[in-house]
Amino acid sequence: RKKVTIQELHNLRQSNTPISMLTAYDFPTAHACSSSPLTDITLVGDSLAQVCLGYDSTTQLTLSEMIHHCKAVARGSTHPFIVADMPFGTFHSTVSEAVTNAIQLVREGRVEGVKLEGGKEIVNVVRRLSEVGIPVMAHVGLMPQRHTSMSGYKVQGRNAEGAKKVVEDALALQEAGAFAMVVEAVPLELGKYVTELLKIPTIGIGAGPHTSGQVLVYDDVMGAWSGHKAKFVRRFANSRELREKAVQEYGEAVRDGTFPHPETESYTVDKHQWARFL
Ligand code: KIV
Ligand code: NA
């Protein structure tokens, strides 16, 4: 499949073909995302803070850590459109600082677009980035970078005021030039309403089946962890079990001396050369 463009993403929305987005954090996960022609967008999500780096929140992730991972994803990626999250604190101080940081993600990280969590209060940044030619994916609803001020990871827009805020934010961000929008953890009715209201594609996560597309975290799709599972996660594999079984069996094979096999998994010397060596 040829490189996905923004135009193609809009065409998918126009034809009611659900857009498929998945996160990646390094070379092998980028490869995995690219292995299916059905993947439209690969997101270097700041969820890498938790799933790859062991931080307990995305707010601990730095720009240089994000860039380091973006580079690896770009090297492993083929057709999907590549978007990176702008980490917490890299787009709020001033518009010019946000532009400088986004340029670094594009130039060094080799991503094609940036994703910013926020509503009306960030429209100046979204407008400026869009104006200078850096495609912006907005992110409304649950914003994990604000988990402290929002008192946890909670479904948003469940009451009239909350729904009104999501809708107003979405409209303002579209008007500012966002090319697409992630809508996280809202009732499916609100996911549908926002999708029908907007002209740009919506990519839902915990926003029901009526958005223009879906996104999930790679490790959730793979079943890489078996602890708490958010309601909106579907585990399409059980890689944790597979991985731990292999680690166990490797340990056993080393311990009992059955690995490596002397014939099929070892090299041998030329007999003549070996006699001379001795
Ligand atoms: O960081 C992330 O992985 C995300 C997606 C799940 C939308 O923002
Ligand atoms: Na994110």
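Student: How is the chain divided by the domain assignment?
Tutor: In this predicted model, the domain assignment gives domain 1, covering 6–237, and domain 2, covering 242–277.

Student: And how far apart are the C-alpha centres of the two?
Tutor: The C-alpha centres of domain 1 and domain 2 lie 45 Å apart.

Student: Switching topic, which residues surround ligand 1?
Tutor: Ligand 1 has around it Thr23, Leu43, Gly45, Asp46, Ser47, Asp85, Val182, Ile205, Val215 and Val217, and by class this shell holds 5 nonpolar, 3 polar and 2 charged residues.

Student: Okay, helices now: at what angle do H7 and H8 cross?
Tutor: Helix H7 (residues 160–175) and helix H8 (residues 188–197) have axes that come within 10 Å and cross at roughly 25°, which means that H7 is roughly parallel to H8.

Student: Which residues meet there?
Tutor: From H7, Ala163, Val166, Val167 and Ala170 meet Leu190, Val194 and Leu197 of H8, and the residues of this contact are 7 nonpolar, with no polar and no charged ones.

Student: What about H2 and H4, at what angle do they pack?
Tutor: Helix H2 (residues 27–34) packs with helix H4 (residues 63–76) at about 40°, their axes being 7 Å apart, and the two are therefore oblique to each other.

Student: Is that crossing left-handed or right-handed?
Tutor: The crossing of H2 and H4 is right-handed.

Student: Who touches whom, and what classes are they?
Tutor: Phe27, Pro28, Ala30, His31 and Ser34 in H2 meet Ala72, Val73, Arg75 and Gly76 in H4, and this contact comprises 5 nonpolar, 3 polar and 1 charged residues.

Methods:
Residues numbered from 1 in each chain as written. Chains lettered and ligands numbered in written order. Predicted model: local features only at pLDDT ≥ 70, side-chain atom pairs only at ≥ 80, totals over all residues. Axes fitted to C-alpha atoms, helices over the stretch in contact; angles between N-to-C directions. Helix = DSSP H or I, 4+ residues; strand = E, 2+ residues; numbered from the N terminus. Parallel < 35°, antiparallel > 145°, perpendicular 65-115°, else oblique. Contact = placed C-beta atoms within 7 Å. Nonpolar A, V, L, I, M, F, W, Y, C, P; charged D, E, K, R; others polar. Near = placed C-beta within 6 Å. Domains from an automatic or database assignment. Left-handed = near helix turned anticlockwise from the far one by under 90°.
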